[in-house]
Amino acid sequence: MAELEQAIKINDSIGDATKRTYKSMYKRLMKLSDDEPISNMSEDRIIKTINQDGIPPQSKNALLSVALYIRKSKGLKSDKIIKYRDTTLFKDKLAYKEQKNKILEEELPNLEKLEDYTKTLYKNEQYVPYIVNFLMLRFGLRNKDLNLVITKNQDVTFVKDKSIVNYLYVTKKYVTYVRNDYKTHSTYGKQKHRIEKSHFTRAVKAVLGDDYEKPLLKLPDGDGVSEDSVSKIIQRFTYNGLGEGKYFKIQIQDLKQQGNIRRIRELSKSRGTELSTIFQEYDITK
């Protein structure tokens, strides 16, 4: 791990989430290479180490990323690795994705099933899962976007507010969803969405209770959850444990079949994802 830590010191421009991913991938690389440091391995050896049966192409790509990151910090050439990544591995990724999407297209439920599930959550007064599912389907959200605080403080909705927290500002008649902490915030900036749905407002009020402010997602001891824990909690709340990625794929599949490009554009804007990226990464019908 020392060579990775040194690489991070040299180039600390990567975010915390990327650092965690690199550390996880580095540990896996060390197991594959019998603990031989990346900087001691030839390009051919790195490619051979990673290019093993049983490792999905996307995981191979992630392993290569950390290897390239370390080699760059050492001033080592990586032309062979980059060529392998951009040709052979790229083709493998496309083939793997196509095969996986075919399976998903057959197995995933339709959008109506998710909407019915969300309505059932409300009827059963399971308000936190209901709020999570409602927001995911309404705005096409990522897990991180749902780590939010319910509040009566109107200040969080103002442009001048510099908070880095996501909020549901609740009033008697409506809720304003304020997003300050999401993946593409640097590109799309602060997002505000006014929600005038009586069931949703009632659910948010029920979760808040008599408090002035309260996190939507909580640990058993009442504390808010960390970024690392959010995805597991959200997945548990979704229909059959599908998770946010499959939810979004279902939405895109259904809307594309309807020919509803306008709604896909709306989701592109609210999610904070380019339309081209949506069709490339989430369209399982192509």
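This is a predicted model: local features need pLDDT of at least 70, side-chain atom pairs count only at pLDDT 80 or more; totals for chains, interfaces and linings use all residues.
Colleague: What share of the residues of the chain counts as buried?
Modeller: The chain is built with 13 helices and 5 strands, and its C-alpha atoms fill a box of roughly 65 × 40 × 35 Å along the principal axes. Of its 286 residues, the share that counts as buried is 45%.

Colleague: In the salt bridge of Arg179 and Asp145, how many residues apart are the two partners?
Modeller: The side chains of these two residues meet with an N to O distance of 2.9 Å. Arg179 belongs to strand S3 (residues 175-179), whereas Asp145 sits in the loop between H7 and strand S1 (148-151), so that distant parts of the chain are linked by a pair whose separation in residues is 34.

Colleague: Are Arg179 and Asp145 buried or exposed?
Modeller: The two side chains are joined in one of the 13 salt bridges that the count gives, and their contact is a salt bridge at 2.9 Å, N to O. As for their cover, both Arg179 and Asp145 are buried.

Colleague: Why does Arg263 count as buried, and at what relative accessibility?
Modeller: Arg263 forms a salt bridge with Glu266, their closest N and O atoms being 3.2 Å apart, and both lie in helix H12 (residues 261-271), 3 residues apart, which is about one turn of the helix. Glu266 counts as partly exposed because its relative accessibility is 34%. Buried means under 20%, and Arg263 counts as buried because its relative accessibility is 19%.

Colleague: What is the angle between the planes of Tyr122 and Tyr127?
Modeller: A search of the whole structure finds 9 aromatic pairs. Among them, Tyr122 and Tyr127 form a tilted pair, 5.8 Å centre to centre, with an angle between the planes of 55°.

Colleague: How many residues apart in sequence are the parts that the pair of Tyr130 and Phe200 ties together?
Modeller: Tyr130 and Phe200 form a tilted aromatic pair, with 6.4 Å centre to centre and 50° between the planes. Because Tyr130 lies in helix H7 (residues 127-139) and Phe200 in helix H9, the pair ties together parts whose separation in residues is 70.

Colleague: What is the relative accessible area of Phe200?
Modeller: Phe200 belongs to one aromatic cluster together with Tyr122, Tyr127, Tyr130 and Phe134. Tyr130 is buried, with a relative accessible area of 5%, and Phe200 is buried too, with a relative accessible area of 0%.

Colleague: Which residues gather with Arg202 in a patch of positive charge?
Modeller: Arg202 lies in helix H9 (residues 198-208) and is partly exposed, with a relative accessible area of 44%. On the surface, the residues that gather with Arg202 are Lys172, Lys173 and Lys205.

Terms used:
Residues are numbered from 1 along each chain as its sequence is written. Side-chain values use heavy atoms; hydrogens and water are left out. Patches are made of residues with over 30% relative accessible area and no salt bridge: like charges are joined within 9 Å, nonpolar side chains (Val, Leu, Ile, Met, Phe, Trp, Tyr) within 5 Å. Accessible areas come from the Shrake-Rupley method with a 1.4 Å probe; for residues, only the protein chains shown count as cover. A salt bridge is a side-chain nitrogen of Lys or Arg within 4 Å of a carboxyl oxygen of Asp or Glu. Lys and Arg count as positive and Asp and Glu as negative; His and the chain ends are not counted. The place of a charge is taken as NZ of Lys, CZ of Arg, CG of Asp or CD of Glu. Helices (H or I, at least four residues) and strands (E, at least two) are DSSP runs, numbered from the N terminus. Buried means under 20% relative accessible area, exposed over 50%, partly exposed in between (1.4 Å probe, protein chains only). Rings of Phe, Tyr and Trp (its six-membered ring) pair if their centres lie within 6.5 Å; planes under 30 degrees apart count as stacked, over 60 as edge-to-face and the rest as tilted.
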